[in-house]
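Open the model in your viewer and keep the sequence panel beside it. The stops below go from the whole chain to single residues.

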Amino acid sequence: MPEIRQLSPSVINKIAAGEVIERPASVVKELMENSVDAGASRVDVTVAQGGTESIRIVDNGCGIRPDQMMLAIASHATSKIEDAEDLFNVETLGFRGEALASIAEVSRMTVRSCTDGATEGAELEINGGKAEPVKPCGCPVGTSIEVRNLFFNTPVRRRFMKANQTEMGHITEAFTRLALVHPHVHFKLQHNGRVTQDLPAADNWKDRIAHFYGKDLADALIWVESEEEGIRLSGFVADPVFNRSHTRMQYLFLNGRHIRDRSLQHALREAYRGLLLTGRYPIAFLKLDMPSHLVDVNVHPTKLEVRFQDARKLYSQLLSTIRNKFLSTDLTARVHEHSERTDTAGTPAASAERPQNLGLSYPRSDVNPIGTGSQYSGSGVGQFAGATPIVPADNYRLPESFQQALDSSNLPANTERLDVNPAAADVPSQLPVSTLGLQVHNRYLITQDESGMLVIDQHALHERVLYEQLREKILAGELETQRLLVPEPVSMSGPEAAAAMEHKALFEQIGIEIEPFGGDTILVSSYPAMLRRVRPAELIRQLIDEIMVGEKQPDRRDVLDELMHMMSCKAAVKAGDPLTPEEIHSLLMQRHLFHDTHHCPHGRPTALVFTRDELDRRFERT
Ligand code: ADP
Ligand code: MG
């Protein structure tokens with residue numbers, strides 16, 4: 001019969017330590033959080049050998065009184081909450097009163113601390129949980145905690161530590177998470193005697209981000225904010241041009257604490273749908289501020305995960321805030337100048353309006369096309385199904401080089417005879433010449449706008465344009481459909497036919513009417529006009545495939561979106577299709593009619609931008 005025994009406090013603490021202190025980075029996180037909670041304006045983190053040898057954190061916070069030193073390292077002792085009620089009103093990073101006790105249990109730790117106005121400080125040594133008496137010591141106001149030989153008395157944990165470099169990577173990440181969200185604190189990180197990060201206090205968040213990730217990224221950040229029923233979302237999302245193969249650069253801070261939340265990450269990905277290639281992830285720095293009672297932070301030992309009272313509402317707030325922002329922002333790939341003026345008070349001025357010098361500044365609805373009289377008679381435009389007919393204006397003479405380009409309908413063979421007029425480069429500043437382009441290799445269009453040169457993927461752009469048209473028409477219920485004189489039978493497998501009929505209403509929405517036709521055959525009786533070039537059977541099969549490989553419970557909106565993507569891809573001109581100048585013009589015209597035409601719906605870029613500055617630099621003109 002096994003005997004039941006009460007565990008000793010030391011064993012209990014070791015078990016608890018196992019939860020909170022997983023690796024050296026956990027020590028750094030907990031101690032840095034304590035420093036921030038203590039109101040420090042300066043925190044120095046000094047690490048040796050990836051933290052396996054020593055970690056020292058020095059702050060200039062409020063300090064710990066000598067008579068409280070022992071309590072500070074006792075488990076379940078905290079100055080941050082008093083009763084269970086407080087658990088639902090946590091305003092500090094810590095509250096469990098377990099970190100110092102846990103660290104002390106599995107290391108050799110020295111705490112030195114002095115409070116403001118005290119004549120001397122106090123020092124406490126703890127070895128594997130055994131404390132020496134508190135001694136007086138001389139030290140500046142604040143607290144310094146040194147942790148040596150982590151896990152020396154828990155050999156299994158010690159063995160689990162990875163190479164110093166790996167542990168240092170985790171420490172840097174922990175440091176980054178905290179330093180990112182507290183720009184007003186001066187943080188410094190040193191490893192093996194070398195300063196790896198030195199972040200003087202910054203006035204705003206963006207400067208801090210720039211410090212970590214460089215000015216280019218910081219310049220491409222887009223400010224987003226919203227407030228719904230006491231829940232404030234604010235922060236930055238990166239222009240889709242900046243993206244990553246992982247989600248680690250999606251920083252989410254809840255009331256000043258870094259958290260991970262799968263649902264919100266999903267919302268973020270949704271917001272970038274169509275803007276990123278598969279396998280690429282958005283970059284974001286977002287803060288959520290809400291009254292503490294709307295969230296339970298006490299569900300995870302390291303508080304990395306939290307439970308929101310209304311997770312769905314939050315999901316849609318995040319998604320719609322970012323989507324709406326993207327809709328009002330021209331995302332053409334280039335450096336953006338707009339900036340967050342402040343992140344502490346009021347509405348950042350730049351967030352309200354569309355930044356002037358960002359992207360292409362063409363009028364969207366009242367585009368004033370240019371041309372040379374009869375040059376654009378509208379012929380050939382029809383190939384771009386649904387294209388707005390182009391009315392030529394003849395008040396403008398084209399630069400010679402463009403005239404030549406327009407005269408030659410088959411550019412690839414002719415590019416070398418193009419006489420590029422150097423003066424032309426100076427003309428465009430007043431003219432929206434970017435509706436003129438050259439086709440090269442039957443797949444790319446080269447054009448310019450006021451700030452540089454653009455190379456456009458004709459298929460990707462056309463696909464994007466069609467997608468937007470399709471979406472607008474579907475939303476407005478104005479999609480043109482074509483009744484087939486003879487309905488076309490499409491035979492498929494049993495499950496495919498069933499899936500097709502199950503999504504009958506959805507198909508109808510995109511202009512495809514289907515009916516069962518006995519057995520596993522369905523009949524297509526009407527079809528979107530823009531897809532007249534695509535065979536119904538082929539399209540339907542692909543659509544069904546798309547539906548069947550999707551999630552078990554596909555979201556209606558997702559499926560519709562997927563289908564619209566497919567349809568636009570099918571209907572778009574292909575790489576290799578030669579285009580007439582009119583078609584090039586028509587396509588480039590429409591580029592400006594839509595919100596995001598620099599990525600195709602699959603997320604491939606539709607355009608590369610070479611800014612004039614960059615060209616000047618490359619040609620060594622500067
Ligand atoms: P918690 O942070 O959850 O309260 P800790 O074990 O991390 O628990 O710390 C215990 C207590 O020690 C804190 O509540 C705080 O009063 C005190 N303390 C810890 N670190 C510091 C520090 N750097 N400066 C001032 N007080 C500190
Ligand atoms: Mg703490």
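A contact here means heavy atoms within 4.5 Å. Of the contacts in the protein chain with a separation of 6 or more, 70% join residues 24 or more positions apart. The model is predicted: local features need pLDDT of at least 70 and side-chain atom pairs count only at pLDDT 80 or more, while totals for chains, interfaces and linings use all residues. Residues are numbered from 1 along each chain as its sequence is written, chains are lettered from A and ligands numbered from 1 in the order in which they are written, and side-chain values use heavy atoms, with hydrogens and water left out.

**Whole chain**

Color the chain by pLDDT, the predictor's confidence in each residue, from 0 to 100. The protein chain averages 77, and 79% of the residues score at least 70. Now select residues 333–433, where pLDDT stays under 50. The model has 184 contacts beyond four places in sequence for this stretch. Where pLDDT is low, the predicted coordinates should not be read in detail.

Switch to a cartoon view. Next, show the surface. The accessible surface of the protein chain is about 29,500 Å², and carbon and sulfur atoms hold 51% of that; such areas come from the Shrake-Rupley method with a 1.4 Å probe, and for residues only the protein chains shown count as cover. Of the 622 residues, 51% are buried. Buried means under 20% relative accessible area, exposed over 50%, and partly exposed in between (1.4 Å probe, protein chains only).

**Ligand 1**

Select ligand 1 and the residues near it, that is, those with a heavy atom within 4 Å. This gives 18 residues, and the closest are N34, T78, S79, K80 and G97. By class the shell holds seven nonpolar, seven polar and four charged residues. In this scheme Ala, Val, Leu, Ile, Met, Phe, Trp, Tyr, Cys and Pro are nonpolar, Asp, Glu, Lys and Arg are charged, and the others, Gly among them, are polar.

N34 has a polar side-chain atom 2.8 Å from an oxygen atom of the ligand. Taken alone, ligand 1 exposes 530 Å², and the protein buries 92% of that.

**S54 and strand β2**

Go to S54, in strand β2 (residues 54–59). S54 counts as buried because its relative accessible area is 16%. Leaving aside neighbours within four places in sequence, S54 contacts T46, V47, A48, V147 and R148.

In helix α8 (residues 215–219), pick D219. Its relative accessibility is 18%, so D219 counts as buried. The D219 side chain makes a polar contact with the side chain of K215 at 2.7 Å. A polar contact is a pair of N or O atoms within 3.5 Å; within protein, one must be able to donate a hydrogen and the other to accept it, and residues adjacent in sequence count only if both atoms are side-chain atoms.

Move on to D261, which caps the N-terminal end of α9: a side-chain oxygen lies 3.1 Å from the backbone nitrogen of S263. Helix α9 covers residues 262–271, and its buried residues are L264, Q265, A267, L268, E270 and A271.

**H246**

H246 sits in the loop between β11 (231–238) and β12 (250–254). A polar atom of its side chain is 3.0 Å from the backbone nitrogen of R248. I283 is 37 residues away from H246 in sequence, with 9.2 Å between the C-alpha atoms.

Most residues other than glycine have a negative phi. Select H441, in the loop between β17 (438–440) and β18 (444–449): its phi is positive, about 50°. N442, in the loop between β17 and β18, also has a positive phi of about 50°. Are these residues buried or exposed? H441 is exposed, at 62% relative accessible area, and N442 is buried, at 17%.

**Q542**

End at Q542 in helix α16 (residues 536–549). Q542 is partly exposed, with 31% relative accessibility. Beyond four places in sequence, Q542 touches M566 and K570.

Key: Helix = DSSP H or I, 4+ residues; strand = E, 2+ residues; numbered from the N terminus.
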